[in-house]
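Let me put the model up and then walk you through the domains and the ligand site.

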Amino acid sequence: MKRVTIRVPATTANLGPGFDAFGCALSLYTDVTFEETEWGLEITGCDEAYTGPDNLAYVSYCAVLASMNEEVRGLKIHIDANIPICRGLGSSAALLVAGAMGANVLRGNKLSTQGLLNITNAMEGHPDNLAPAFYGGLTASMVDNGLPVCVNFPLHPEWEFLALVPDFHLSTEKARAALPNEYSRADAVYNIAHGALVLKALELGDEKLLRTAMQDRIHQNYRKKLIPDYEKIEGLVRTTGAAFCLSGAGPTLLCITQDERLEEKLAKKLDSVTTAKWQMIPLHIEFEGARVIESE
Ligand code: HSE
């Protein structure tokens, strides 16, 4: 029986003002192995709660086969996840991407990456994690006529990302429910302008510009109350000169810098501003997207 392992990078979505549009792939990975069998579904390597047919890798695998009019046979899935779950680093998107690519590879690569993105975007509802997970690097995406249109943007290679990952979960559903349905024209203009300058600052490697541009009025102000000590941590990060944003829907907080000593500087002070446990994970840009790492 055929077997394939797909490696998918973590992704950080929004990057401040680019709500549901910007995303960047990072150097932390989830590997998912798919092996076709005669019958049944067996999912290993994850919490029991995720071993049923609603597992996102399986849902996505089935959706891709359905789009090809191919029959779903038995399947073994093994998940080796280094992307923390429900923390705003694209763990759900990684499973959707893995399932879609796994199905496509096992059945003869009939669909393009854009085709896989269309199918997974219909499940996720926004392409900002999916696009960098598929393509790598920095992406901006729009949804036009129901279909995602994504492009890569240039990125200065020396940016370093420091993810502050807390010991609590925050579901995207809850974090989206905290947002208003309507915004003022002033807030829309603020985000469009800041978003454009975030992309330029990331391209140029301009930390001062990034720090100023990486502010937002669409989601972060509404979500910060769901994350204990958000403002104190933001204040601390800003004293270092790094740019700061919520990673995706949170609760991970993200610092972007070219200062190699940022982790050391924050380590000394983080405990004095927060009582939660925050793991610091230094990450680089992942310029390559999801890929096959083993196939037989
Ligand atoms: N753009 C999404 C959000 C990312 O902020 O809700 C999380 O899936």
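So, start with the centres of domain 1 and domain 2: taken over C-alpha atoms, they're 25 Å apart. Where the two domains touch, 23 residues come from domain 1 and 36 residues from domain 2, with contact meaning heavy atoms within 4.5 Å. The bounds are 3–154 + 286–295 for domain 1 and 160–283 for domain 2, and they come from an automatic or database domain assignment.

Quick caveats: this is a predicted model, local features need pLDDT of at least 70, side-chain atom pairs count only at pLDDT 80 or more, and totals for chains, interfaces and linings use all residues. Numbering runs from 1 along each chain as its sequence is written, and side-chain values use heavy atoms, with hydrogens and water left out.

Now, the ligand. Which residues are around it? Among them are Phe-19, His-126, Asp-128, Thr-172, Arg-223 and Gly-248, where being near takes a heavy atom within 4 Å.

What about polar side-chain atoms? For Asp-20, one lies 2.5 Å from a ligand nitrogen. Arg-176 has one 2.6 Å from a ligand oxygen, and for Asn-14 a side-chain N or O atom is 2.8 Å from an oxygen of the ligand. For reference, a polar contact is a pair of N or O atoms within 3.5 Å; within protein, one must be able to donate a hydrogen and the other to accept it, and residues adjacent in sequence count only if both atoms are side-chain atoms.
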